[in-house]
Amino acid sequence: MSTLFPHVDITALKKFAAAAAAGEHTYRLSRNTITGTPSSTGKKKGKGKAQDKKTPYPVVIGCEDTCYAGEQSVPLGPHSILAHFPRGRLTYTTKALVGMTQIVRDHAQIIAPKIYGYYDNIPNPINAEVVLLELLPGECLVDIWMDLEPRQIMTVCARLGELLVKLFNCRSPLLCSETDVPDSPPRTPTSSAYYRRPILLGPPFDEGLLAHMEPQEGLTSTHDYLLSLAQRPERIFGGPTEVPGTRDAGWPSSAPLSDADVAAVRATWKRLRSLISYHSGGFYIPGSLSPEARFTAYSVLQSKEFGVRHWDMQMARFIVRWARPGDVCSDATLALTGWEYAARAPLWSCARMPPWLHPHLHPFERITWEGQRNVRQFIFHSIFHGDFIPQARAWEWVVAYVYGATERWFEGLVGAHWGFRDATEVLLVRLRDHWLRERPDVPFPLDAEEGQLSGAQATAAGGSLEGDAGTEATEALLAHTRTFVELAMEALGSEIAAAQEVLWKDVPAEDS
């Protein structure tokens, strides 16, 4: 019995794995292979009978719990198959894992675990949804990063840049998760059509009570995508009846939201909705660019096609395999796991660095903020000047990365959990300051609500708030948040400024 998955029928799981391996690795004996019973003289009696030529059937010789690439799983067989139990929405998450893995393997040529078989609904013989994955050879990046030589870090970063551009260029006209995969076990036609329809999975759409509601339908425009993010509080608090758990603030130690808190949350996200039309792509493109460059930047940021965004690119999900282990000059391949956390997104949203290359407010980061900035800059230059990626594909990622920074920031703001409403108001003031600095020719739409913004500005300045928000702990949190935002924006600003210096200067004439 599995300690982590006690409800799983391990015997049935082993049979399923053996059958999947048999179907994947079948082979036939040669027609001339002598497999018959030897005679009394010690010689074979000619060719074997049909029953002697049966394909040997795989046998699972061991089964144990393990943590592989950031997930708890059960490895089956000595080296080849991993039984992974997806967590999230029933059926949809498993289908997304299968569908997105197939898409990135087949269309983007990204190294991802091969899928040998899966069950995406219950009942089934195993009594759980499971996906049988290839156990990729190599080392987990989180285990080896601190021991890498500078030359090896450069190799890994170059391969990471290649992977990011491949995700960016794996295009589709629909904003959705790839869930249109065959049912296993088979369903009725009506049920199959329901679970294979286009939907969009992702942390903002599946947190809290949203995970127990109908999933977000697939979308066709960036505006609709941002609008669906902004409407999440209305889905939670705007119903005719209140569902138990609605007032949960998002973490155990926090008190439930009051009526005033709920009203404030709904008001904040309503105001954010009024800014969506300015943040769907291209509003902050500098006016100093040439007409040709502006047209090109708009064509990328306002593209009607969407790339692939992996929402959980933590360091533990990257698998590095060296061509010549032990040689610091060796080339390497870089694989990525956890594809149930991937979905289509606007191009400016896809053009981003992994989260472990951005500053966070905790003391256990493996890379210092200065080191993170250096790695980001190296990845940026490896994308734009490297040999692994064709320039025609790489430079669009660079455009979206550089000129889509504010759109990504707004996406994070409007997609934040409603429990962070106070911090959202602080960041909204920062967004206003950024707007007035970058687009002084256009009045900020929320300036008509000067009273609300002034209150938020007082919060950002360390002023006290009424009620529970006026405690010392809240003031310290807001002050810490303000400091962090300022440092992060300064780092981002210097990085983007350096990128902009080389961007249009180095773009080939035929691409500008």
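Predicted model: local features only at pLDDT ≥ 70, side-chain atom pairs only at ≥ 80, totals over all residues.
Three strands form an open sheet in the order β6-β10-β11, and their pairing is antiparallel. Its edges are formed by β6 (139-140) and β11 (332-336), each of which pairs on one side only. Between β10 (residues 318-322) and β11 the antiparallel pairing extends over five bridges, and L334 in β11 is the bridge partner of V320. Helix α4 (residues 150-168) packs on this sheet, where it touches β10 and β11, and its direction makes about 50° with that of β11.

A further packing arrangement involves helix α11 (residues 369-385) and helix α12 (residues 391-403), whose axes come within 8 Å and cross at roughly 145°. Residues R376, F380, I383, F384 and H385 of α11 meet Q391, A394, W395, W397, V398, Y401 and V402 of α12 in this contact, which by class comprises nine nonpolar, two polar and one charged residues.

The whole structure contains 24 salt bridges. Within helix α4, R159 and E162 are three residues apart and thus separated by about one helical turn, and their side chains meet in a salt bridge with an N to O distance of 2.8 Å; R159 counts as buried at 16% relative accessibility, as does E162 at 15%. The salt bridge between R196 and D180, also 2.8 Å from N to O, links distant parts of the chain, with R196 in the loop between α5 (189-195) and β7 (199-200) and D180, 16 residues apart from it, in the loop between α4 and α5. Here R196 is partly exposed, with a relative accessible area of 29%, whereas D180 is exposed, at 52%. Finally, K95, D120, D183 and R187 are linked in a network of salt bridges.

Notes:
Residues numbered from 1 in each chain as written. Heavy atoms only, no water. Pairing = 2+ DSSP bridges. Helix = DSSP H or I, 4+ residues; strand = E, 2+ residues; numbered from the N terminus. Contact = heavy atoms within 4.5 Å. Axes fitted to C-alpha atoms, helices over the stretch in contact; angles between N-to-C directions. Nonpolar A, V, L, I, M, F, W, Y, C, P; charged D, E, K, R; others polar. Salt bridge = Lys/Arg side-chain N within 4 Å of Asp/Glu carboxyl O. Buried < 20%, exposed > 50% of the residue type's maximum accessible area, 1.4 Å probe, protein only.
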